[in-house]
Amino acid sequence: MSITIRLACPEDAPDMAEIISRSWEAAYQKIIPMDLIQAKNATRLDLFRRIITAENDSQYVITSNGTTVGIMGVAPPDKSEKDIDDSFYELQSLYLHPAFFHRGIGTAAMNFALEKGRAAGRSRMILWVFAENTGAIRFYEACGFAPDGAEKIYNCGKDLRSIRMQRKI
Ligand SMILES: CC(C)(COP(=O)(O)OP(=O)(O)OC[C@H]1O[C@@H](n2cnc3c(N)ncnc32)[C@H](O)[C@@H]1OP(=O)(O)O)[C@@H](O)C(=O)NCCC(=O)NCCS
């Protein structure tokens, strides 16, 4: 399937809110109560309208034949974690519309993210994933990532354990 990955612009905010909402409903239905997912979904459009400015240089949309099929965030990591330095890059997010799961788009998006990291002179990539999101963990393993032992709790109305994964790039 042929896809294009480009930086998101302010006009993409509605599509981005739609993609992440449908992706959360599909991926997290057994992990997060649906009322909490819906409460989060209700905040998405405002959030993307706020963060996707003309200066955006980290949030991408993945399109196919002009339709937005996924979103991705790639950037230098927040260095508040003391084992993270300038050699790292971070895949902040990767969400596809469920109609486009399992067609190789995630792998193509990952290759794009790894290339961004290399172009920025980084040598390792990290990402965080819910420990219960076993499908995504299998995907990241297939992309060469492994858990590195770091964990944190993410609260979305419910405490969820997240694990960090990383690989050399
Ligand atoms: C995770 C996600 C980005 C993967 O993208 P994708 O396009 O569906 O994955 P690909 O088709 O490139 O899969 C590549 C390989 O990863 C593995 N894989 C992908 N999804 C998997 C799943 N749900 N369960 C187990 N393995 C999986 C397989 O080994 C697959 O190879 P195969 O197709 O030859 O079996 C996508 O499914 C998605 O958006 N999921 C919901 C949101 C999500 O959980 N995002 C991650 C948040 S941290």
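Modeller: Residues are numbered from 1 along each chain as its sequence is written. As the model is predicted, local features need pLDDT of at least 70 and side-chain atom pairs count only at pLDDT 80 or more, while totals for chains, interfaces and linings use all residues.

Biologist: How many helices and strands does the protein have, and what makes a run count as one?

Modeller: The secondary structure comes to 4 helices and 7 strands. Helices (H or I, at least four residues) and strands (E, at least two) are DSSP runs, numbered from the N terminus. In that direction the elements follow the pattern β-α-α-β-β-β-α-β-α-β-β.

Biologist: Why is the protein called as compact as a globular protein of its length?

Modeller: The radius of gyration is taken over C-alpha atoms, and the globule rule is 2.2 Å times the number of residues to the power 0.38. The radius of gyration is 15 Å, close to the 15 Å that the rule gives for 169 residues, so the description holds.

Biologist: How do you know that β1 and β2 pair, and in which sense?

Modeller: Two strands pair if DSSP finds at least two bridges between them. β1 and β2 (residues 59–64) have 4 bridges in the antiparallel sense, with I5 opposite I62 in β2. By that criterion β5 and β7 also pair, over 7 bridges and antiparallel; there W128 stands opposite R164.

Biologist: What makes β1 and β6 edge strands?

Modeller: The open sheet has the order β1-β2-β3-β4-β5-β7-β6, with mixed pairing. β1 (4–7) and β6 (146–155) each have a single partner strand, so one side of each is left without a neighbour in the sheet.

Biologist: Why is the crossover from β4 to β5 called right-handed?

Modeller: β4 and β5 run parallel, joined by 3 bridges, and E90 stands opposite I126 in β5. The chain crosses from β4 through α3 to β5 in a right-handed β-α-β crossover; the term applies if, with the strands pointing away from the viewer, the path from the first strand over the helix to the second runs clockwise.
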